[in-house]
Amino acid sequence: ELDSTSFSAHEVDPTRLVTGHRKFGDIWEPLPFDQPGEFSPIGGLYSCLQDLATWIGGFVAAFSPLDSLSHDHPLSAASRREMQQLQRFVSVSAIAADRQDEPHAARARGYGYGLNVEQDSRWGTIVGHSGGYPGFGSHMRWHAGSGVGVIALGNGMYAPTGRPAAAVLDLIMGEIGARNRPITPWPQTVAMQADVQRLVLDWDDTLADRLFAVNMDLDLPRNRRRANIQAIVDRLGTIDQATSVLATDQSVSPNPSTSAAQISWTISGTTASATVEIWLTPEAEPLLQMLSITLVVAQPA
């Protein structure tokens, strides 16, 4: 909840109010607070950093798979994600590297639904917006992938807060190097991983029938898929199959997921290793729509 946000200055503790100013020559003149309704349609709200951070957090949370289970936000997660998608392209610009050994970057800018959206080749999606108001200027921006955000507020008319806020966020992103937050696979994805592990090491058509989406045998005939997988498994040597729980199986190491519906892991044998990757269908009861196994290491005999 935004407990410290209101449309009227009379609803705010006077000790918490910051006076806005307008520059006239070399003098900053204090401006009276407007009355409710005068500028409300363009964002005439009184708020604080904590509430603004909460507001940003509602947009960031829309990318979490757990957000769809929450009904605390007035907008659905799908609507908040759509607001943060680039709907109308505006421009693209190059960004010079800070060091000679770093590549140059590019940033495309556009508009979503009520929000500015930028696609940065280094960081991914950045969302935000500036605000100008009699006596004040503001800018908020956040990195959709990690949830890191910056809020800049100025008590001067149309204070140019956008550029310093962008510089600060770029500095933070450069320090943490986080293009995206870690992705947690669906429980169904983890369960499918265990099923596919059994299928790869000991093929069973009945199990394949239960796991496969309709595209699987169309993409690659089953007998050919089975032969390809078996040829790789034969090169792995001895694999410990004593445990069926992948998380505790030392011969199987998970790799970072790029989607909640995707997971990859490495199967290690005595003579070679292989990477297995799976993708699930976006259904209420997901099925296996992609299975890839690649020989990655062949130890010398």
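Buried residues are those under 20% relative accessible area, exposed residues are over 50%, and partly exposed residues lie in between (1.4 Å probe, protein chains only). In helix H3, Ala165, Ala166, Leu169 and Met173 are buried. The structure is a predicted model, in which local features need pLDDT of at least 70 and side-chain atom pairs count only at pLDDT 80 or more, while totals for chains, interfaces and linings use all residues. Residues are numbered from 1 along each chain as its sequence is written, and side-chain values use heavy atoms, with hydrogens and water left out. Helices (H or I, at least four residues) and strands (E, at least two) are DSSP runs, numbered from the N terminus.

**Helix H3**

- The 15 residues of H3 (residues 162-176) should span 21 Å at 1.5 Å a residue, and the end C-alpha atoms are 21 Å apart, which agrees; the expected span is 1.5 Å times one less than the number of residues.
- The buried residues of H3 fall within an arc of 100 degrees when seen down the helix axis, so they line one face; the arc is that of the directions from the axis to the C-beta atoms.
- Exposed residues Arg163, Leu171 and Glu175 are carried on the face of H3 turned away from its buried side.
- The cover over the buried residues of H3 includes strands S6 (124-133), S7 (136-143) and S8 (149-154).
- Gly177 follows H3 and has a positive phi, near 60 degrees.

**Nonpolar cores**

- The largest nonpolar core has 28 residues, and Val196, Val200, Phe212, Ile267, Ile278, Leu288 and Leu291 have the most contacts inside it; such a core is a set of buried Ala, Val, Leu, Ile, Met, Phe, Trp, Tyr and Cys residues joined through side-chain atoms within 4.5 Å.
- At least two residues of this core come from each of helices H4 (187-201), H5 (205-211) and H7 (222-234) and strands S10 (262-268), S11 (272-280) and S12 (288-298).
- A second, separate core of nine residues includes Leu52, Phe59, Val60 and Met140.
- Leu291 touches Val196, Met216, Arg225, Ile229, Val276, Glu277 and Ile278, not counting residues up to four places away in sequence; contact means heavy atoms within 4.5 Å.

**Aromatic cluster**

- The whole structure holds five aromatic pairs; rings of Phe, Tyr and Trp (its six-membered ring) pair if their centres lie within 6.5 Å, with planes under 30 degrees apart counted as stacked, over 60 as edge-to-face and the rest as tilted.
- The ring centres of Trp55 and Phe59 are 4.9 Å apart and their planes are at 65 degrees, so this pair is edge-to-face.
- Both Trp55 and Phe59 lie in helix H1 (residues 49-60), four residues apart, about one turn of the helix.
- Trp55 is partly exposed at 34% relative accessible area, whereas Phe59 is buried at 3%.
- Trp55 and Trp142 form an edge-to-face pair, 6.1 Å centre to centre with 90 degrees between the planes.
- Trp55 lies in helix H1 and Trp142 in strand S7, so their pair ties together parts that are 87 residues apart in sequence.
- Trp142 is buried, with a relative accessible area of 0%.
- Ring pairs link Trp55, Phe59 and Trp142 into a cluster.

**Gln84**

- Gln84 sits in the loop between helix H2 (77-83) and strand S3 (88-95) and is buried, with a relative accessible area of 2%.
- A polar atom of the Gln84 side chain lies 3.0 Å from the backbone oxygen of Phe59, and the Gln84 side chain also reaches the backbone oxygen of Arg80 at 3.0 Å.
- Among the residues that Gln84 touches are Phe59, Leu115, Val127 and Trp142.

How values were computed: Polar contact = N/O pair within 3.5 Å; in protein donor to acceptor, adjacent residues only side chain to side chain.
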